[in-house]
Amino acid sequence: MKIYDDKHIKNVVFVGAHNSGKTTLAETMLFEAGLINRRGTVENKNTVSDYHEIEHERGNSIFATPLHTEWRNFKINIIDTLGLDDFIGEIISSIRVADTIVMVLNAQHGVEVGTEIIWNYIDKFHKPTLFVINQIDHINAKFEESLKSIKKLVGKNAVQIQYPLLLNGAQCIIDVLKMKMYKFKPQGGKPEKLEIPKDQMEWAKELNNELIEKAAENDEPLMELFFEKGTLNEDEMRQGIKAGMLNHELFPVFCVSALNDMGTGRLMGFIDNVAPSAADLTPEQSIDGEEIIASKENPTVLFIFKTVYQPNLGQITFFKVISGEVKLNDKLINSRNDETEVINQLFIMDGKDRQPVNKLTVGDIGATLKLKYTETNDT
Ligand SMILES: Nc1nc2c(ncn2[C@@H]2O[C@H](COP(=O)(O)OP(=O)(O)OP(=O)(O)O)[C@@H](O)[C@H]2O)c(=O)[nH]1
Ligand SMILES: [Mg+2]
């Protein structure tokens, strides 16, 4: 496993209504990165994320499952959550450790009750969020209606980065940040990158202008630059979009077909280059009200967001490194009960698969075994 520094780690949490396609999207992202050779499906009960017996029986996710993918020199940790609101606790603790929330929608339905319930929590935690309208391949997909339903939910701060287009039967995505068209083969994967067709140019430019204005709004110097030049270049737009996401005032909207592997590479590229990382977020506070700066040089702080008991392993504790680094054999004190815990084992987890590692740095997510005094939500 390649070692990634804190500037090249992004934590995203997939949330969204039941059956929107979160687990399929996660699977496709691992496949696109070459981390798995075969793409599993929920129907075949062989996805990396839905690995519990009960998930196979019921055909949907029941637990929040940590996974990771790697895309162009970045490590993207994914937590694939569940769409059923009766286990909302798993979703809330995952939201807490997200740098960016990826809200997945089914293009057949747009915003659903589940979407609204989860949105209320995201809003409360003020987390950077992007929307992904999935299943654009579906015969009943309604992209424009889905987009409208997002705008109804979050207001005019939802801004379109892409829209789907069928061109002579080929699925395409027009991207108004890159001002390019991606054209996909029926089996998806790497698209052809083309100029935007003439008959789409006017509409694409209008959306591009909207995006530029929105990006400029969130950053004072960018606003001045925008007034001076009347436009922004792609890097400046990225900077403004990131600022807007951090202010919780700009919500980019993407479109994909997770099932047919269309648009997932571009989405990962955006997560790499634009989505905030742990160091960009408002620092967490200690119980004494002190800010915990997300820096490698600071003392080690871990936040526990999940504990599970697995018959062959015992207790597995999942954590995010809030500051410093955690190494094998580190002794850490639980701030709730002052008990000392020894980190005897360290792993990166992808569903049921464990990869042992010697250390994890600030901003990363990992797991350890057999802690004695530590529960979910402990530090
Ligand atoms: N046509 C089409 N179907 C999709 C797409 N993505 C997912 N599906 C199907 O939608 C169903 C639900 O997909 P999942 O990935 O399990 O959705 P989920 O959001 O993880 O569902 P929960 O975990 O229950 O909330 C499955 O039958 C998928 O094959 C897509 O892009 N296009
Ligand atoms: Mg799922």
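Which elements each supply at least two residues of the lining of the second largest pocket? They are α3 (88-97) and β15.

Before going on, the conventions. This is a predicted model, in which local features need pLDDT of at least 70 and side-chain atom pairs count only at pLDDT 80 or more, while totals for chains, interfaces and linings use all residues. Residues are numbered from 1 along each chain as its sequence is written, chains are lettered from A and ligands numbered from 1 in the order in which they are written, and side-chain values use heavy atoms, with hydrogens and water left out.

Now the pockets. A pocket is an open set of points on a 1 Å grid over the protein atoms alone, with protein on both sides within 12 Å along at least five of seven lines; a lining residue has an atom within 4 Å of a point. Grid points are joined across faces, edges and corners, and a volume is the space filled by probe spheres set on the points.

The second largest pocket holds about 500 Å³ of space. It is lined by 22 residues, and Lys 127, Leu 281, Thr 282, Pro 283 and Glu 284 are the closest to its centre. β15 gives the largest share of that lining, three residues. By type, the lining has 15 nonpolar, three polar and four charged residues. For that count, Ala, Val, Leu, Ile, Met, Phe, Trp, Tyr, Cys and Pro are nonpolar, Asp, Glu, Lys and Arg are charged, and the others, Gly among them, are polar.

The largest pocket has about 750 Å³. Of its 33 lining residues, those closest to the centre are Ile 292, Val 301, Leu 302, Ser 335 and Thr 379. β14 (301-310) is among the strands that supply at least two residues of this lining, and with four it has the largest share. The division here is 14 nonpolar, eleven polar and eight charged.

A cavity is a set of points where a 1.4 Å probe fits but cannot get out. β2 (65-71) and β14 each supply at least two of the lining residues.

Now the helices. Buried means under 20% relative accessible area and exposed over 50%, with partly exposed in between, for a 1.4 Å probe and protein chains only. In α1 (residues 22-32), nine of the eleven residues are buried, so the helix is largely enclosed by the rest of the structure. Just after α1, Gly 34 has a positive phi of about 80°.

In α4, the buried residues are Gly 114, Thr 115, Ile 118, Trp 119 and Ile 122. They lie on the same side of α4, because they cover an arc of only 125° around the axis, taken from the directions from the helix axis to the C-beta atoms. On the face turned away from that side are the exposed residues Val 113, Asn 120 and Lys 124. His 126 follows α4, with a positive phi near 60°.
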